[in-house]
Amino acid sequence: MNWLTNFVRPKLQALVSKKEVPDNLWHKCPSCGAMIFHRDLEDNLHVCQHCGFHMRLDPMQRLKMTLDAGFQTIELPKPVVDPLKFRDQKRYTDRLKDAQSKTGRPDAIVVAHGRIDGRPAVVAAFDFTFMGGSMGMAVGEGLLAAAKLAVLQQAPLIVVPASGGARMQEGILSLMQMPRTIIAAEMVKEAGLPYLVILTDPTTGGVTASFAMLGDIHIAEPGAQIGFAGARVIESTIRETLPEGFQRSEYLLEHGMVDMVVHRREMKGMLSRLIDLLRSPGPGADVVRIPTEPSRPRPVPVKGR
Ligand SMILES: [Zn+2]
């Protein structure tokens, strides 16, 4: 080594070598095709500022924009991995490992507790990039854990599905998560706590057919696809052209399947208002008592004593 290699060469290399430009600085809007700078996209909560298209969100981004700073995620129970030893073109265990290394999380759901404008809440958010947000045993366990936590903390439960439905690699075990997640929703309701669902793009299949449609109030993000079977499957089954906007939030609002379509920017404020509304005792609350326990038969008074 001499001064030539130590000093001159790095300088020369710096002159000739191209500066590395990260390729994820610009995002293309899938709806209008506009190029959006990544910082603008983050500032705008991943909504296109040109056409209002709501892009899919990472669950941590979702939690950050839903809960106040200082929220905590919880560790979820780990169910048995691949008891069916399922294999299609690839082993299910390999698919899982790929998804885990890509997303850095054990499965397709993240559960956190914290506050929404100061109100305690538990939020469960799906990760669509983890095997299409499909609901397998881990997701079922996650939803049950979220419901138990909500009951324990006497806090409302907010679930944000983004899922293609049941995880087919888990067969019947994944379908069994449908009644299990319904039980989770019922636990929250029986405790007299609000259960809200934010339907995001896409909410389909077994997720729509279970916990996602049992909310006290269904809020949808604009333009989200929400349905059971996909539009193409329905079209090819009934051999008819489906109406425009079929299975989209706005169409479903018109037809009474969702209660409101809310822009992402207004979502947190709306959640606060809904929680206040659902938790307020309301007029006449002092005279009407809602039983929280199943009513027991009254003891029959014994005559002659
Ligand atoms: Zn756009």
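With a relative accessible area of 2%, C48 is buried, where buried stands for under 20%, exposed for over 50% and partly exposed for what lies in between, computed with a 1.4 Å probe on protein chains only. The model is a predicted one, in which local features need pLDDT of at least 70 and side-chain atom pairs count only at pLDDT 80 or more, while totals for chains, interfaces and linings use all residues. Residues are numbered from 1 along each chain as its sequence is written, and side-chain values use heavy atoms, with hydrogens and water left out.

Because C29 sits in the loop between β1 (26-28) and β2 (35-37) and C48 in the loop between α2 (38-43) and α3 (59-66), the pair ties together parts that are 19 residues apart in sequence; helices (H or I, at least four residues) and strands (E, at least two) are DSSP runs numbered from the N terminus. C29 is buried as well, at 2% relative accessible area.

## Helices α5 and α7

The axes of α5 (residues 137-153) and α7 (residues 177-190) come within 8 Å and cross at roughly 10 degrees, the axes being lines fitted to C-alpha atoms over the stretch in contact, with angles from 0 to 180 degrees between N-to-C directions. The two helices are therefore roughly parallel to each other, as angles under 35 degrees are classed.

Residues of α5 that meet α7 include L143, L144 and V151, and those on the α7 side include A184, M187 and V188, with contact taken as heavy atoms within 4.5 Å.

## Backbone features in loops

A cis peptide bond, with omega of about -10 degrees, joins D201 and P202, and P202 lies in the loop between β7 (195-199) and α8 (205-208).

K85, a residue other than glycine, has a positive phi near 50 degrees; K85 is located in the loop between β3 (72-73) and α4 (92-103) and is exposed, with a relative accessible area of 66%. Q154, which is not a glycine, has a positive phi of about 50 degrees, lies in the loop between α5 and β6 (157-160) and is partly exposed at 42% relative accessibility.

Technical notes
Parallel < 35°, antiparallel > 145°, perpendicular 65-115°, else oblique.
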